[in-house]
Amino acid sequence: MNIHALRLFYYVAETGSVTKAAARLNISQPAVTSQIKKFEKDLGLPLFNPSGRGVSLTPFGIELAKQAGNFFTYEEQIDEFVEDYRHGRKGKLRIAATYLPANFLVPGWAARFKAGCPEIEMEITTTNSQQAFEQLKRHEADVAFYGGGAQDRPEDIDWLELFEDELWFVVSPSHPYAGRTVSLQEMMLEPFIMREEGSSTRARLVSLCVTYGLKPPQVTLQFSGLGEAIRSVMAGYGANFISSLAVREYVEQKRLSRVQVEGIQLSNHIAICTRSHESVPPALQQFIDICRSFPPEL
């Protein structure tokens, strides 16, 4: 079907006048009349009744005008949707985040973003580093928030670093090492409570031991969540190697104690990761801008 001719017919039917339709479309009256006659011929059905003055639609013309009205209304809705998406007012963001940013950073950023973009859907998945990058590569996520070592950066990923925080050894306040300075060898003799394999922080602890020629500590309790591991250390058992961002408040409240380890000062990199060689959608760019504008207080 000739959509342009259908549009001409619809405007004639809506205004009740060829002259008014021509003026609305900014084309000549003879051009409208000629194209509608051709449209009737192509359809093989009359659209207008013979009439001395004005416009009189046939029963078919009345029904076609209704259908055309629905069609052009839907076309306007599609145009609005495209414009909203182009300007980041509608759409969906799928976010994969490792446990540190997922628990301590993304919720606040997401709340700020939703306040300004209420019609953008947000789906946030909390996972370990390995899975976060896999989801990004498989196009199951639009962006990945990472907390860990910069050496873990995979290929074909654009890496926007937001800030760094320190990695701490922590124990309960009742632990013999609480508030003390010990050697790495002494620290590694303690039982550790850690996240599952695939966790960036756990991998860095193992790497640290390899660097200094030490046997990695025994992981006597393993959790898939960050909060569970922290609370177990608070309860008085074992040690943890963790981002200061996750435990600073507990240390200040004296619910956990930091252990200084001789010669060891490591930092955690908090980064936003996107697929290389792909443009960033407008809504995602707005969210990234918020993340960059509101760093946490370290």
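Predicted model: local features only at pLDDT ≥ 70, side-chain atom pairs only at ≥ 80, totals over all residues.
Colleague: How many of the residues of strand β3 are buried?
Modeller: One side of β3 carries Val 143, Phe 145 and Gly 147, and the other carries Ala 144, Tyr 146 and Gly 148. Both faces are covered. For strand β3, residues 143-148, the number buried is six of six.

Colleague: Why is Cys 117 in no disulfide, and how many disulfides does the model have?
Modeller: A disulfide requires two cysteine sulfur atoms within 2.5 Å. The closest cysteine sulfur to that of Cys 117 belongs to Cys 291 and is 12 Å away, so the two are too far apart for a bond. Cys 273 is not in a disulfide either, its nearest cysteine sulfur, in Cys 291, being 12 Å away. By this rule the number of disulfides is zero.

Colleague: Is Cys 273 buried or exposed, and what is its relative accessibility?
Modeller: The limit for buried is under 20% relative accessible area. Cys 117 is buried at 10%. Cys 273 also counts as buried, and its relative accessibility is 0%.

Colleague: Glu 190 is buried yet has no salt bridge; which side chain makes a polar contact with its side chain?
Modeller: Glu 190 lies in the loop between α8 (184-187) and β6 (192-195). A salt bridge needs the nitrogen and oxygen within 4 Å, whereas the nearest side chain of opposite charge, Arg 180, is 8.6 Å away. Beyond its neighbours within four places in sequence, Glu 190 is in contact with Tyr 177, Pro 217 and Gln 218, as well as one further residue. The side-chain polar contact, at 2.8 Å, is with His 175.

Colleague: How many residues apart are Arg 7 and Glu 75, which meet in a salt bridge?
Modeller: Their side chains come to 3.2 Å, N to O. The pair links distant parts of the chain, with Arg 7 in helix α1 (residues 3-15) and Glu 75 in helix α4 (residues 59-86). Arg 7 is partly exposed at 23%, and Glu 75 is partly exposed at 25%.

Colleague: Which residue forms a salt bridge with Glu 14?
Modeller: Glu 14 is partly exposed, with a relative accessible area of 43%. Its closest N and O atoms in the salt bridge are 2.7 Å apart. The pair links helix α1 to helix α2 (residues 18-25), ten residues apart. The partner of Glu 14 is Arg 24.

Colleague: In the salt bridge of Asp 142 and Arg 94, which residue counts as buried?
Modeller: The two side chains meet at 3.0 Å, N to O. Asp 142 lies in the loop between α7 (129-137) and β3, and Arg 94 lies in strand β1, 48 residues apart. Arg 94 has a relative accessible area of 25% and is partly exposed. At 19%, the residue that counts as buried is Asp 142.

Colleague: How many salt bridges are found in the whole structure?
Modeller: Among the residues in salt bridges, Glu 134, Arg 138 and Glu 140 are linked in a network. Over the whole structure, the search finds ten.

Technical notes. Residues numbered from 1 in each chain as written. Heavy atoms only, no water. Buried < 20%, exposed > 50% of the residue type's maximum accessible area, 1.4 Å probe, protein only. Helix = DSSP H or I, 4+ residues; strand = E, 2+ residues; numbered from the N terminus. Lys, Arg positive; Asp, Glu negative; His and termini not counted. Polar contact = N/O pair within 3.5 Å; in protein donor to acceptor, adjacent residues only side chain to side chain. Contact = heavy atoms within 4.5 Å.
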